[in-house]
Amino acid sequence: MPITVLVVDDQELMRMGLKMVLGAHPDIEVVGEADNGAVALTRTRELRPDVVLMDVRMPVVDGVTATTRILEAGTGCKVLVMTTFDLDEHALGALRAGASGFLLKDTPPEDLISAVRSVAAGDAVVSPKVTKRLLDRMVAADPAGMRDPSILDALTAREREVLEQIAAGRSNAEIAAELFLSEATVKTHVGRVLTKLGLRDRVQAVVLAYETGLVRPGG
């Protein structure tokens, strides 16, 4: 079965472009579109797409609010956020809300397709450089958003190391090389980190690492 996608953006030309790029691949089917978050919520309930490609800055209901409501509804849809600005505070809000990824709108088509496939498969899509810059800025600007670091006490020393590597944007293979572990062992550690901390995916792990101070802005 093809991966079903709902395209959400308030600009018609952007929606048309995204539909053309996605529709060129037989394993992906665009099943609908929406021009604001309110319509996106309705269309998501009707269509139950695998992936919602979500703009963040929209009228009526913004993308962050729509992401939160879609995920709270328990439809099983994954949300992949797209924004024009690589330091968009709205994008961080969407990541905190549980979006599975964050891409810029000028992302090359092949990277967009890869991201949609990854998110549909249950993986998270993190652009390490952009996400790190975004989190550096937001944590520095909003220290009140920090969380109690004692939440990390549930982790073993090795699991904390793995979380630090995740926060640096490294893949399982890169973590394995850095910590002299097998990829299978790293995968096990990643799974335990997410389970112990009650996190959905690697994106939320990155956000939590910053919010608890495990990773510092500029570090």
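Predicted model: local features only at pLDDT ≥ 70, side-chain atom pairs only at ≥ 80, totals over all residues.
**Entry 1: the E1/E2 pair**

Which residue in E2 does Thr 4 stand opposite? I looked, and Thr 4 faces Glu 29 of E2. I number residues from 1 along each chain as its sequence is written, and side-chain values use heavy atoms, with hydrogens and water left out.

My helix and strand labels are DSSP runs numbered from the N terminus (helices are H or I with at least four residues, strands are E with at least two). Strand E1 covers residues 3–8 and runs parallel to E2, with 6 bridges joining the two. I call two strands paired if DSSP finds at least two bridges between them. I then followed the chain and found that E1, H1 and E2 form a β-α-β unit that is right-handed. Right-handed here means that, with the strands pointing away from me, the path from the first strand over the helix to the second runs clockwise.

**Entry 2: salt bridges**

I searched the whole structure for salt bridges and got 9. My cut-off was a side-chain nitrogen of Lys or Arg within 4 Å of a carboxyl oxygen of Asp or Glu.

Arg 15 makes a salt bridge with Glu 33, with the closest N and O atoms 2.6 Å apart. This one links distant parts of the chain, since Arg 15 sits in helix H1 (residues 12–23) and Glu 33 in strand E2 (residues 28–34), 18 residues apart. Glu 33 also forms a salt bridge with Lys 19, where the closest N and O atoms are 2.3 Å apart. Again distant parts of the chain are linked: Glu 33 is in strand E2 and Lys 19 in helix H1, 14 residues apart.

Next I checked burial, taking buried as under 20% relative accessible area, exposed as over 50% and partly exposed as in between (1.4 Å probe, protein chains only). Arg 15 is buried at 10%. Glu 33 is partly exposed at 29%, and Lys 19 is partly exposed at 28%.

I also looked at H7. Arg 158 forms a salt bridge with Glu 161, the closest N and O atoms being 2.9 Å apart. The two are 3 residues apart in helix H7 (residues 157–167), so about one helical turn separates them. Arg 158 is partly exposed at 31%, and Glu 161 is partly exposed at 33%. Elsewhere, salt bridges that share partners join Asp 9, Asp 55 and Lys 105 into one network.

**Entry 3: helix H3**

Which residues of H3 are buried? In this helix (residues 63–72) I noted Gly 63, Val 64, Ala 66, Thr 67, Ile 70 and Leu 71 as buried. They lie on the same side of H3 because they cover an arc of only 160° around the axis. That arc is taken from the directions from the helix axis to the C-beta atoms.

At the N-terminal end, Asp 62 caps H3, with a side-chain oxygen 2.9 Å from the backbone nitrogen of Val 64. After H3 comes Gly 74, with a positive phi near 70°.

**Entry 4: loops**

Arg 48 has one of about 50°, and Arg 48 lies in the loop between helix H2 (37–47) and strand E3 (51–55). Val 60 has a positive phi near 70° and belongs to the loop between E3 and H3. Val 60 is exposed, at 68% relative accessible area.

Where is Asn 36 found? I placed Asn 36 in the loop between E2 and H2. Asn 36 is buried at 9% relative accessible area. The Asn 36 side chain reaches the backbone nitrogen of Val 39 at 3.0 Å. I counted polar contacts as N or O pairs within 3.5 Å; within protein, one atom must be able to donate a hydrogen and the other to accept it, and residues adjacent in sequence count only if both atoms are side-chain atoms. Leaving out residues up to four places away in sequence, Asn 36 touches Val 8, Met 58, Pro 59, Val 60 and Val 61. Touching means heavy atoms within 4.5 Å.

Last, I looked up Asp 123, in the loop between helix H5 (109–120) and helix H6 (128–141). Asp 123 is partly exposed at 46%.
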